[in-house]
Amino acid sequence: MSNTPIELKGSSFTLSVVHLHDAKPEVIRQALEDKIAQAPAFLQHAPVVVNVSALEGPVNWPQLQKTIAATGLRVVGISGCKDTELKAEIERAGLPLLTEGKEKAPRQVSAPEPVPVVTPVTKTRLIDMPVRSGQRIYAPHCDLIVTSHVSAGAELIADGNIHVYGMMRGRALAGASGDKDAQIFCTHLTPELVSIAGEYWLSDKIPAEFYGKAARLQLINDALTIQPLN
């Protein structure tokens, strides 16, 4: 047993990102309430990151923050903020400013340097056993393949594609890092939720002709689509 009262460990979590395109509190509240009503089991009281990169002009952040909180969503951080005044308001509100990707400072060199040729390596995480209820499997920077069944209450997350060669009853979230080209392939599709790059369907959104069948899901024009898996 450790003698220290706490431990600080790295971890990773999948959070929904709310991209704001309007600063009017009444417009934001109605839009959020509509989204939550579509999937209350998934979004009600959910922790979210709010992206403000599309907002222009003055923003009444305290009022906007109250509006988002009033819908029941839990704001855990802000991303995409480039306005100095807005950053100061957000910091005064006690919310962390998150950086999506690292910006590299310009580097001065005396002479051009040869650019090394890097051959990308495609990795795949393979699971050869059933995924039980309550289990959460994450495949960072690669595809995830499950050759057995996935129980209800289990969760599959991959930055790349997800393949399930068995009964899929849990949740499948492909393109978790925002890859809109990611896809989901399944031989028996009966999930609680499917998602690609944040666009999701609950089970009642899956067309009846594909439920329990072999199917392939992908994004086309930013909309989730489904077709037979041939």
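This is a predicted model: local features need pLDDT of at least 70, side-chain atom pairs count only at pLDDT 80 or more; totals for chains, interfaces and linings use all residues.
**Cysteines.** I looked up Cys142 first, and it counts as buried because its relative accessibility is 11%. Cys186 is buried too, at 1% relative accessibility. My cut-offs, with a 1.4 Å probe and protein chains only: buried means under 20% relative accessible area, exposed means over 50%, and partly exposed is in between. Then I searched the whole structure for disulfides and got zero. A disulfide here is a pair of cysteine sulfur atoms within 2.5 Å.

**What I'm working with.** Residues are numbered from 1 along each chain as its sequence is written, and side-chain values use heavy atoms, with hydrogens and water left out.

**Overview.** I found four helices and 15 strands in the protein. These are DSSP runs numbered from the N terminus: helices are H or I with at least four residues, strands are E with at least two. Of the 230 residues, 36% are buried. I also looked at contacts, meaning heavy atoms within 4.5 Å. Taking contacts between residues at least 6 apart in sequence, 36% join residues at least 24 apart.

**Helix pair.** How do α1 and α3 pack? Helix α1 (residues 25-38) and helix α3 (residues 61-70) have axes 9 Å apart, at an angle of about 20°. The axes are lines fitted to C-alpha atoms, for helices over the stretch in contact, and angles run from 0 to 180 degrees between N-to-C directions. So I wrote the two helices down as roughly parallel. That label is for angles under 35 degrees; over 145 is roughly antiparallel, 65 to 115 roughly perpendicular, and the rest oblique. On the α1 side I listed Pro25, Ile28, Arg29 and Leu32, which meet Gln63, Leu64, Thr67, Ile68 and Ala70 of α3. By type, the residues in this contact of α1 with α3 are six nonpolar, two polar and one charged. (Nonpolar is Ala, Val, Leu, Ile, Met, Phe, Trp, Tyr, Cys and Pro; charged is Asp, Glu, Lys and Arg; the others, Gly among them, are polar.)

**His163.** I found His163 in strand β9 (residues 162-168). It is buried, because its relative accessibility is 15%. Leaving out residues up to four places away in sequence, His163 touches Asp143, Leu144, Ile145, Val146 and Phe185. Val146 is 17 residues from His163 in sequence, yet their C-alphas are 6.1 Å apart.

**Gln218.** Next was Gln218, in strand β14 (residues 215-220). Is Gln218 buried or exposed? Its relative accessible area is 15%, so Gln218 is buried. With residues up to four places away not counted, its contacts include Ala182, Gln183 and Ile196.

**Arg132.** This one sits in the loop between β5 (124-127) and β6 (136-139). Beyond neighbours within four places in sequence, Arg132 is in contact with Ser151 and Ala154.

**Positive phi.** Most residues other than glycine have a negative phi. I noted Ala197, with a positive phi near 50°. Ala197 lies in the loop between β12 (193-196) and β13 (199-202) and is partly exposed, at 23% relative accessibility. Asn221 also isn't a glycine, and its phi is positive at about 55°. I located Asn221 in the loop between β14 and β15 (223-228). Asn221 is exposed, because its relative accessible area is 76%.
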